[in-house]
Amino acid sequence: MLEMFKRAPQGPLDYSRRLWLRFFAAAIFVLLYLPIFTLVIFSFNDSKRNVVWRGFTTKYYEKAWNNDSLIEAFVNSITIAVASTIVSTILGAMIAILLWRFRFPFKAAYEGFMALPIVIPEICMGVAMLAFFSRVTGYPTGWMWPFNLSAITAAHIAFTFPFVAIVIRARMAGFNRELEEASKDLGANEWQTFWNVIFPYMRPGVVAGALLAFTLSLDDFVITFFTSGPDTLTFPVKVYSMVRFSVTPEVNAASTILVIITVVLTLIAMRLQAPDKTEVA
Amino acid sequence: MSEPIISIRNVNKEFPGVMAVDNASFDIEANEFFALLGPSGCGKTTLLRMIAGFETPTSGEIIIDGQDISHVPANQRPVNMVFQSYAVFPHMSVIDNVGYGLKVTGVPANEISTRASEALERVKLGNLANRKPDQLSGGQRQRVALARALVKRPKVLLLDEPLSALDAKLREQMQLELAHLQEDVGITFIIVTHDQDEALSMADRIAVMHEGRVDQIAAPDVLYEQPHNRFVADFIGKVNLFEGTVTGARGKTVSIDTAGLGKVQVPHAEAADGSVSLAVRPEKVRISKTAPRSKSVMGTKGRIADWAYYGDVSHMFVETEKGLRIGVIIQNETRKTVDAMDVGDIVHVYWSPEDTLLLNS
């Protein structure tokens, strides 16, 4: 009778029931997220030095909110992220279609060069951008906001669009070309076929790519550092300069807000993609 | 005879290094159920795709209803296609799928909905109009693809291996349904298939293709009983082939010296000489333990080497002393039929010379 209550013996692929694997998975999560939790908790610390816990307060959120240059940096970051995401998503999607659809001479070489910004060390790219904008075009300082951000935006587009292209290209690899032919067979032209048949399939890739571009742009430090001027600070660069003086809970508070924005955006994007996943299956 | 709905004239299609379609020329009549049959890689799908407009002929003309459409883009041709993968749009409901072809060509919305519902009724899917394709079975998806093509009222409906993804039972049912549907709508159907049963049971005429060339175009029974060459005889159904050389002819009878059967005489309308093949279908071969009473039959003696039991029929292979292997299909007419013989028995196999075909090698 006792047999009934015994659990089935562990199968060869029942990895989730192995104790050491569970422990390992838990350890990974703790190591990944503990620093972030610490960051969030210490943003409520009532201590200027922010080394030991001295009690709960929200005053540093208030302080961060009233820190005009921090808010300005934050607005700059969002503006750059939105602008560069829009451009790099369109650009990336078009390149993805080019690589998926057409055969042309030196295609492999083109594909390799296109992905170069992903593999080049960021510092090299930063230096290159600095040289380019200061020596060749003249730094866009003294321009009216938001046009003074155009150098950073251009730099962000340059390193985010390959990510978008790769994500969308991967998505299109699973597209059934007969769908496209069926659409034309039924009388649709190229344009109608693209928007009615190809794009709906592509959309989850576009959303994922855009999200990737947005987060990459939002938290980029190295390239931005080289392309930003005194009046075009972005959020990560501003936080860096604040940390150089002292790590106050204000920095934590500002970073927490950024974490929340990123998490919310990711959740929205996952939500948007969810119905498409069932369609594919 | 009326004007053909489709004329294929000297159509060639060359892919790098391969002649996919080699000088195809034939006509398809209006309201015909026409099959392109052949093994994979024979060019049948390429030919269909040229009619649909997804491939351009290297040379030659394709004329549909009197109009040369060789250079008309796919979306402006009066033909529609049912794809092998069905290619039902996954993000649209069943009714939107069916209405798609009307929507993109600017048909008014109220006409779209009536015509789409009508087409769905015709394929017996009226109750599933609002389902998404992932909620349908393979057979239902195929019906959506059919309705979607038929709603456009094409002059010709093209079907690319439409039944290959269905299981055996459903395939048989759809074969009959397609044949009925074709009579019902009165549209020319061109079906591409590698399955001879499919072609034989549905089509009015079949074109057998082989290495890019059309070997023979004929009605199913003609194709089966009077194949033009060895390939067609071998590809359509099962066949026993015997090699031989012509030794003489008298009237409509040809004398042939074969290695396994000795000297035989078979009726043949045309003159023949040199090395030839004799072909006989296994179901036309008789088998018995006693020698045949009639002197007019031809055949030999051998040992039953293999026996495959299929319920309704049995396939037997008889091996002769001269190394021939002759296939025989018998009907299991009574419950005792299979008890009469066994593997290893020495039997006589024989058939009427009228059932023997003479094929040029």
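The questions that follow turn to the meeting of two chains. This is a predicted model, in which local features need pLDDT of at least 70 and side-chain atom pairs count only at pLDDT 80 or more, while totals for chains, interfaces and linings use all residues. Residues are numbered from 1 along each chain as its sequence is written, and side-chain values use heavy atoms, with hydrogens and water left out.

Reader: How many residues does the contact take from chain A and from chain B?
Author: Contact here means heavy atoms within 4.5 Å. By that rule, the count is 19 residues from chain A and 26 residues from chain B.

Reader: What is the area buried between chain A and chain B?
Author: Buried area is the accessible area (1.4 Å probe) that two parts lose on being put together, summed over both. Carbon and sulfur atoms give 54% of this area, and the total is about 1900 Å².

Reader: Which residue forms a salt bridge with A:Glu181?
Author: A salt bridge is a side-chain nitrogen of Lys or Arg within 4 Å of a carboxyl oxygen of Asp or Glu, and the count between chain A and chain B is one. Its closest N and O atoms are 2.7 Å apart, and the partner of A:Glu181 is B:Arg49.

Reader: Which element gives the most to the side of chain A that touches chain B?
Author: Helices (H or I, at least four residues) are DSSP runs, numbered from the N terminus. Those that give two or more residues to this side are H8 (177–185), H9 (190–218) and H12 (249–280) of chain A. With seven residues, the one that gives the most is H8(A).

Key. Chains lettered and ligands numbered in written order.
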